[in-house]
Amino acid sequence: MTKSPLLALAATLAVVAPATAQVKLNGAGATFPTIIYQDWMLSYNKTHADVQLNYQSIGSGGGIRQFSDGTVDFGATDAPMKDSAIAAINGNVLHIPTVLGGDVPTYNLPDVKETLRFTPDLLADIFLGKVTKWSDARITSINPGVKLPDQDVVVVHRSDGSGTTFIWTDYLSKVSPEWESKVGRGTSVNWPVGLGGKGNEGVTATVRQTPGAIGYVELGYAMINKLPAGSVRNKAGKFVAPSLESITAAAAGAMQKMDPNTDFRVSITNPDGDKAYPIASFTWLLLHKQNDDAAKAAALVKFVWWAETNGQSRAAGLGYAPLPKQLRPWIQARLKSVTADGKPVWNTTAAR
């Protein structure tokens with residue numbers, strides 16, 4: 001059986017991680033950025049033998065929980081922590097954006113070769129269980145010339161706490177009052193219908209194995225697994241395919257909405273702009289502001305700064321949009337604020 005690129009990366013990472021590493025950093029969280037995080041860690045371990053990096057893809061909810069409990073050195077999430085969760089750990093967290101990605105509607109209709117179009121209200125009603133056949137007039141009317149089967153629509157969603165789910169439900173809540181009132185947004189929600197899959201990997205596998213299925217996954221997973229990704233009508237009324245360019249366009253207005261003096265928590269779903277893909281998001285690493293272990297804190301800051309600079313060049317090839325370079329001074333300022341025993345760790349690293 002051929003291994004997936006993601007599994008191959010993870011296996012290689014385990015092999016190259018040096019047994020004599022001086023500092024071991026463990027992280028856990030979002031599946032959305034797992035592909036690029038594993039790639040970054042593999043690349044970084046090759047040239048930094050003094051650090052061993054490990055990352056478990058368990059979903060954003062699990063990442064926030066383990067970070068808050070102190071069982072990992074860093075967390076990862078596509079859903080920013082709520083104010084109440086931040087208060088519960090006395091504000092000891094930094095949200096550091098790493099890349100941009102997009103949730104895409106993906107489906108299993110082997111005889112349909114064209115890229116399907118979806119409107120915001122149609123996606124909401126499919127996931128509400130109100131549209132149950134692929135031959136429904138609401139689907140065929142926006143896909144003229146496409147021969148759609150008289151086949152049941154099988155909804156597939158995440159079964160675990162998930163930032164990918166937060167992005168999807170955040171979008172649906174913005175475009176559908178019924179969705180917002182009945183289901184709402186969150187890393188976990190009470191789904192009206194559908195089958196559950198664990199992680200982006202689980203949803204990908206379930207969609208591939210289920211005729212008539214429709215689910216949502218991160219763009220990189222759709223690309224690597226050669227799954228179709230539908231076009232979605234954006235706020236400007238344009239059907240836009242998910243791509244690095246359209247995801248970057250979605251982030252174009254984020255700089256105006258973001259305060260450089262506060263945390264980087266901002267939603268960019270359903271943005272303005274003719275070319276903007278409407279279901280896009282930042283994804284974040286969670287770091288402690290104050291740390292007890294100076295060696296770990298310094299090594300983590302050094303790795304994160306490498307990811308924010310050298311690592312960004314690897315994003316496009318893996319299905320992610322790199323961060324706007326204008327964000328770098330803001331991110332650098334946040335990393336400079338990380339302390340151990342009350343002292344900044346930035347000056348003790350080679351990150352400068």
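Strand β3 (residues 74–77) runs antiparallel to β11, joined by three bridges. Strands here are DSSP E runs of at least two residues, helices are H or I runs of at least four, and both are numbered from the N terminus. Two strands pair if DSSP finds at least two bridges between them. This is a predicted model: local features need pLDDT of at least 70, side-chain atom pairs count only at pLDDT 80 or more, and totals for chains, interfaces and linings use all residues. Residues are numbered from 1 along each chain as its sequence is written, and side-chain values use heavy atoms, without hydrogens and water.

Strand β4 also pairs with β11.

| Strand | Bridges to β11 | Sense |
|---|---|---|
| β3 (residues 74–77) | three | antiparallel |
| β4 (residues 94–107) | eight | antiparallel |

Gly75 stands opposite Leu286 in β11. Val99 stands opposite Thr283 in β11.

Strand β11 spans residues 280–287, and eight of its eight residues are buried (under 20% relative accessible area, with exposed over 50% and partly exposed in between; 1.4 Å probe, protein chains only). One side carries Ala280, Phe282, Trp284 and Leu286; the other carries Ser281, Thr283, Leu285 and Leu287. Both faces are covered.

Now the helices. α13 (residues 294–308) packs on α14 (residues 328–336) at about 175 degrees, axes 11 Å apart. Axes are lines fitted to C-alpha atoms over the stretch in contact, and angles run from 0 to 180 degrees between N-to-C directions. The two helices are therefore roughly antiparallel (over 145 degrees). Val301, Val304, Trp305 and Glu308 in α13 meet Arg328, Ile331, Gln332 and Leu335 in α14, contact being heavy atoms within 4.5 Å.

Terms used:
Angles under 35 degrees count as roughly parallel, over 145 as roughly antiparallel, 65 to 115 as roughly perpendicular and the rest as oblique.
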